[in-house]
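Visitor: Could you walk me through this one? I'd like to go from single residues up to helices and strands.

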Amino acid sequence: MARRQVRAAQQSVDTLMASLAVWFMEAWTVVERGWRRPLTRVALRLKFAFYPLLACAALGWLGWDWSHDRSLDAAEDSIFDTAIQWRPVEPRPSGQTVVVEIDDCSIEWTRAQGLGGWPWPRQVHANLLDALDRSGVRAVGVDVMFLDPDNDDPAGDAMLEAVAEGGNGRFVFAASRQDPAFDAGSPLRASRIPGAFALDPAAAAADPAVAVYLPFAAAMARHSALTNVSRSQDGVLRDVPLREQVGHWALPTLPARLAAGVRGVSPASLPPHVRVNWRKHSRVPFVSAADLLAGTPVCVAPGAAPPVLRGAVALVGYTAAGLSDSKPTPVDASMPGVEVWAEATDALLHDNAIWMPPTVLKYLLAALLVALTCYAFWRGEPHEDVDGVFVASNLVLLGCAFIGLTFFGIFLDIFASIGFVSLCFGLCRLYAAVQRGRAVGNNDYRAEYDPRRHPWMVMARLRFVRAPGLAPFAAMRGKREYRRLLRRRLYAGGDAVMIEGIVERKSWLHDILDDLVLLVWTGSERVATLETAKRELDALHHDLNADELTLDEHGRVLVSFSVAEIDDDDDSDRLGERVRLRELLGQDLNARDEFPLQADNREVLDPVHTLDLDDTMKETDA
C-alpha cells in the first residue's frame, strides 16, 4: 500500500514537472524570439561587416583607455592579488634580510630592566645598533623616527649619534616626506636632502624647496632615507616606492639607500619602485630586539632557531600592538611597515622582485587577440573550432601567467586582456549564432515555414569531390575552405536554408557523410523558386572561386536537385505534408543524377527534377 502511494506521488511530481517544463519552454521561446528576430534583421543588413566594425570599436576603446583612465590596467591590481594567493608554489625568502622587531615582549623586557616602557631611551636604541654591529650585519635600516633630541637624556642622544657616525653609512635612519603643501615654507632644498640625485640635466637649474623631517643629529640626518609609501587606489600596497620625485630631483627611500650601499651602486640605477614577491606562508626571518639587547634568547619561542645575522641586512621597526604602522598588502591586511621595507630590501639585494612587463603590453595583447578573434569570425570559421581554439589559447596564456609568477617571478598580466577579449568574443559568438540560426532555418530567428503559403520546395544536395592527385593536406585544406566559403555565403543572407550536418560532427558516420550539404528553397510559385535557387547557386560558385584558394583547383561540387509541391490542399490524409517532405528528402539523398556547380547553373530549371507526388498514400505508409 505504501509503495503504491509513493509511486502515485512520484507520478504526480513527474506530471507536474513535465507540465511546467512545457509551459516554461513555450514562454521562453516567446522571449527569445522577441530579441532574436529583430537582431536577425540587423544581421541581414550588416552581414559580415559587423566583425570589422566590432574590431575597430574595441581597438578604438583600447586606444582611448590607454590615453585616459587606463581601466584595463587598473584591473590588474585585484587580479594580481588573486593570482599571487592562488599560485601552487610560493618562493621562499633569501633568509639574509632580517626584521628586528620592537614587539610587546621587547617592551616588557625593557620595563622589567627598569628602563621604562615605550618610548625607549636613546641609549637603548644605541645598544641595539651596537649589538647588531657586533653580530656581523652588513647594514641596518632603522624604521624609527628620531626627530627631536631628548632633553632628559643628552648622553643617550650623543651615544646614538656616535653609533651613527661610526657606522659610516651602514646604519640608515628614517626620514619623512611631508605633504607638498608645506614645501613652500621649508628651508630645505631638494638637492640638500641626503641621497638625493638629479633625474635630468635641468635639475641643477631648478632646486625646489621640499618639506622633509630629518633625524635631529647630523650623522643620522646624513645617513637617512624616506619611509613614505604610496598605495594603489584601493588602498593596498603592492609596489614599494624606491624614490619620491620632487621636480627634477629624486629622494631615495629606505630600501633604495640600503641596497645601494650594500651593492655599491647609485640609487639612480634602481627603478622608481619594486613589486615585492609577496609571500603568504613564508616570511622573512624575525628576531626580537630584546634577544639582541639581552644577549640571550628571552622572547624567542621554545625550540625556535634564531636567524643568522652575520652577513645579513637588518630592518629595525615596530610590531608591538598599538605601535605598528601596519599596511595592507596582497597577502596580509595588516603587515607591519618594517616587514614591507624588509621585503623590498630583500627583493633588491637578491633579485627576487616580480618583473612587470610594460603596461602597453597588455593593451597590445588585447588588441592582437581582438583582431584575431574578429578576423576568425569574419572568415566564417566553424564555431566548434573557434570555441576550441579560444578556450585552448586562454588556458595556455593562463598557464604561462601562473608558471611565470610561481617559478620565474614574472607577472604577465594577461587576465585583464583575456577578460576584455572574452567580452568581444561573446559578442562575435552571439552575432554568429544569429547568422547561423537564420541560415539553418531556426524558427527563433526567422518565420516558421508555412506550406500553405510556400508550397513549392527546391532541395539541392551538394557533394564535394576533391581533385585527383592532391596531397592529403592540400585536399583537406580545399575541403575545409569549401565548407567555410559555403557557410560564409549562406550566413551573409539569402533565401536558402542549410542543413549542414546530416549527422553530428565527429560522430562515427561523420567521415562518410561530411561531404554532403543540403540547401532548401521555398516559394509560392515553382518558377520563381527555381530562379531563386539558380541565382544563389551561381553566386555560390563565384564566391568559391573568388579567393586565391579557388575551388576549381581543389575539387568539384556536384549538385543533385529535387523539386516538389509540398501541399496542394488536396491531401487525402492528415499526414500529407510530412509524406511529401519525406519523399522529397529521400529522392534528393538517393538521387544519382548530378551536375557540377558552375557559373551558370541552368540545369536547375530543367523540369525533370520536379516530383509528381501521389496524394493517395495511406496513413500507415507514413
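This is a predicted model: local features need pLDDT of at least 70, side-chain atom pairs count only at pLDDT 80 or more; totals for chains, interfaces and linings use all residues.

Visitor: Okay, and is I418 buried or exposed?

Guide: I418 counts as buried, because its relative accessibility is 10%; buried means under 20% relative accessible area, exposed over 50%, and partly exposed in between (1.4 Å probe, protein chains only).

Visitor: What is I418 in contact with, sequence neighbours aside?

Guide: Leaving out neighbours within four places in sequence, I418 is in contact with N394, L397 and L398, contact meaning heavy atoms within 4.5 Å.

Visitor: And S417, what does that one touch?

Guide: S417, also placed in helix 13, is buried with a relative accessible area of 0%. Not counting residues up to four places away in sequence, S417 touches L72, K362, L365 and A366.

Visitor: Now the helix itself: at what angle do helix 2 and helix 13 pack?

Guide: Helix 2 (residues 50-67) and helix 13 (residues 415-439) pack at an angle of about 165°, with their axes 11 Å apart. Here axes are lines fitted to C-alpha atoms, for helices over the stretch in contact, and angles run from 0 to 180 degrees between N-to-C directions. The two helices are therefore roughly antiparallel to each other, given that angles under 35 degrees count as roughly parallel, over 145 as roughly antiparallel, 65 to 115 as roughly perpendicular and the rest as oblique.

Visitor: Which residues make that contact?

Guide: From helix 2 the contact is made by F50, Y51, L54, A58, W61 and L62, and from helix 13 by F420, C424, L427, C428, Y431, A432 and Q435.

Visitor: Switching to helix 4: which of its residues are buried?

Guide: The buried residues of helix 4 (residues 104-112) are S106, I107, W109 and T110. They are on the same side of helix 4 because they cover an arc of only 160° around the axis, the arc being that of the directions from the helix axis to the C-beta atoms.

Visitor: What do they pack against?

Guide: The buried residues of helix 4 pack against strand 1 (97-102), helix 5 (122-135), strand 11 (286-288) and helix 9 (289-294). Helix 4 is followed by G114, which has a positive phi, near 80°.

Visitor: On to strands, then: how many bridges link strand 13 and strand 16?

Guide: Strand 13 (residues 456-466) and strand 16 pair in the antiparallel sense over 11 bridges, where two strands pair if DSSP finds at least two bridges between them. Within strand 16, V559 is the bridge partner of L462. Strand 16 (residues 555-565) is mostly covered, with 9 of its 11 residues buried, and strand 16 also pairs with strand 17 (residues 595-596) in the antiparallel sense over 2 bridges.

Visitor: In what order do the 3 strands of the open sheet run?

Guide: The order is 4-9-8, with antiparallel pairing. The edge strands, strand 4 (197-198) and strand 8 (243-246), each pair on one side only.

Terms used:
Residues are numbered from 1 along each chain as its sequence is written. Side-chain values use heavy atoms; hydrogens and water are left out. Helices (H or I, at least four residues) and strands (E, at least two) are DSSP runs, numbered from the N terminus.
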